[in-house]
Amino acid sequence: MKLGARMLKTGLAVAISLYIATMAGLPSPIFAGIAAVFAIQPSIYRSLQSILEQIQANIIGALTAIIVVITLGNDPFVIGFTTVLVIGICMKLQMNETTMLLAAVAVIAIMETTEMEFITFAFMRFSSLSLGILAAFVVNLFFLPPKYETKLFQRIDRTTSDILQWLRVTTRHLSDEPALKGEIARIQDEIRYIDQTYLLYSEERTYLKKNKYAKARKLIVFRQLIATTKKSFDVLKAFYQLDEKIESIPKNFQDVLVEELDKVIHSHEKLILSSMGRIRKGHKETLRLIYEPDFIKLVETLIHVYQEEEEERLIFLPLASQLMEYHRELKHLLRLLKSYQQYHQSEQFKITR
């Protein structure tokens, strides 16, 4: 089992909140730990964004619970009704689901039967929950800050490598169909994770003007890297869907198809390596050119096969279209990388393998 940074931060926030609540003599410090679990966020920006909302939800839950207990008591049915009421208020204020759950916890914690003076008891429970929220915020801020740039590029690099390897294997009819089917499902999950990581990275804030420009350009490059990876995946899926039919057509078309695809794959690999700073800057081909596939030759070969054999072979024409779109995305990536390296020559993406 691999422990992620968020799991470790959750455990630390719970431990800190329980320890402080116990030292402060708050009753039922367990509620501070529960609040800490709800308050942990995946990024510093989301932590800053959510702390006010969570404190607001805690106040709404506490005040509503106090008013209801004073007016109607704390019968289980009344507690249930109050929970529904507070969740409705939070929904009206467009709070997220986690914040609504925290407000519901505040209601249940405060409306519990107690022999203490009720207002004092409610204040202590409110303090416990607020302590948990603040402990989670501090841990989010200072402990294991997320490195989404590194994670994002590592995922893009790894997923792209997997796709390109499967493309090479599939076009040479060496792939195992059940294995490839499983890999396609896995890669789809990886791409969804990449999209989520990109969103978290885009939310991170920079405060220096110079860093803002660099971050904005990196976001554009990352977006295009992801778009190019997705397009290579579309090509892989197209080959997978036509794999058996491709084996039945003449070898000359297969050879041309493999030859032109290899050019696109090689260009993609070179651009990835260049973005990682692994191609020396003085190299004559560094970001100056990418291989230009001969799509006219590919289409003409396919039409020739169709005319000679008088069979329905134009179903393979979308493959040529997919390759053209893939190549277009690569050319756009090339332009963006040139621009980025022009303005930020001393800065590379933060990559570690």
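At which residues does UniProt place the feature "transmembrane region"? The unreviewed UniProt entry gives residues 55–88 and 129–145. UniProt positions follow the numbering used here, feature names are shortened, and annotations may be inferred rather than shown by experiment. Over residues 55–88, the chain is 91% helix and 0% strand, with the end C-alpha atoms 17 Å apart.

Before going further, please note that this is a predicted model, in which local features need pLDDT of at least 70 and side-chain atom pairs count only at pLDDT 80 or more, while totals for chains, interfaces and linings use all residues. Residues are numbered from 1 along each chain as its sequence is written, and side-chain values use heavy atoms, leaving out hydrogens and water.

## The overall picture

The protein has 12 helices and zero strands. Here helices (H or I, at least four residues) and strands (E, at least two) are DSSP runs, numbered from the N terminus. Reading along the sequence gives the pattern α-α-α-α-α-α-α-α-α-α-α-α.

Of the 353 residues in the protein, 44% are buried. Buried means under 20% relative accessible area, exposed means over 50%, and partly exposed is in between (1.4 Å probe, protein chains only).

## Two nonpolar cores

A nonpolar core is a set of buried Ala, Val, Leu, Ile, Met, Phe, Trp, Tyr and Cys residues joined through side-chain atoms within 4.5 Å. The largest one has 43 residues, and those with the most contacts inside it are Leu 152, Leu 167, Phe 222, Leu 225 and Leu 236. The elements giving two or more residues to this core are helices H7 (148–171), H8 (177–203), H9 (209–247), H10 (251–275) and H12 (317–343). H9 supplies the largest share, 11 residues.

Another core, of 19 residues, lies apart from it, and its members include Ala 65, Ala 103, Ile 110 and Met 111.

How many of the 14 residues of H5 are buried? The number is 10, so H5 is mostly covered. Among the buried residues are Thr 99, Leu 102, Ala 103, Val 107 and Ile 110. The length of H5 (residues 97–110) also agrees with expectation: at 1.5 Å a residue it should span 20 Å, and its end C-alpha atoms are 20 Å apart. The expected span is 1.5 Å times one less than the number of residues in the helix.

In the loop between H4 and H5 you will find Gln 94. Its phi is near 60 degrees, a positive value in a residue other than glycine. Gln 94 is exposed, with a relative accessible area of 70%.

## A patch on the surface

Phe 77, Phe 81, Leu 85, Ile 89 and Leu 93 make a nonpolar surface patch of about 490 Å². Patches are made of residues with over 30% relative accessible area and no salt bridge; like charges are joined within 9 Å, and nonpolar side chains (Val, Leu, Ile, Met, Phe, Trp, Tyr) within 5 Å. Phe 77 belongs to helix H4 (residues 76–92), and counts as exposed because its relative accessibility is 66%.

Ser 128, in helix H6 (residues 118–142), counts as buried at 0% relative accessibility. Ser 128 and Ala 32 are 96 residues apart in sequence, yet their C-alpha atoms are 4.7 Å apart in space.

Ile 16 sits in helix H1 (residues 5–23) and is partly exposed, with a relative accessible area of 31%. Its C-alpha atom is separated by 8.7 Å from that of Ala 136, which is 120 residues away along the chain.

## Salt bridges between helices

The structure holds 11 salt bridges, each being a side-chain nitrogen of Lys or Arg within 4 Å of a carboxyl oxygen of Asp or Glu. In one of them, Lys 218 pairs with Glu 149, with the closest N and O atoms 2.8 Å apart. Lys 218 lies in H9 and Glu 149 in H7, so the pair ties together parts that are 69 residues apart in sequence. Both residues, Lys 218 and Glu 149, are buried.

Glu 190 and Arg 155 meet in another salt bridge (2.7 Å, N to O). This pair links Glu 190 in H8 with Arg 155 in H7, 35 residues apart. Glu 190 is buried at 17% relative accessible area, whereas Arg 155 is partly exposed at 22%.

Definitions and conventions
Areas by Shrake-Rupley, 256 points an atom, 1.4 Å probe, with all protein chains shown as cover.
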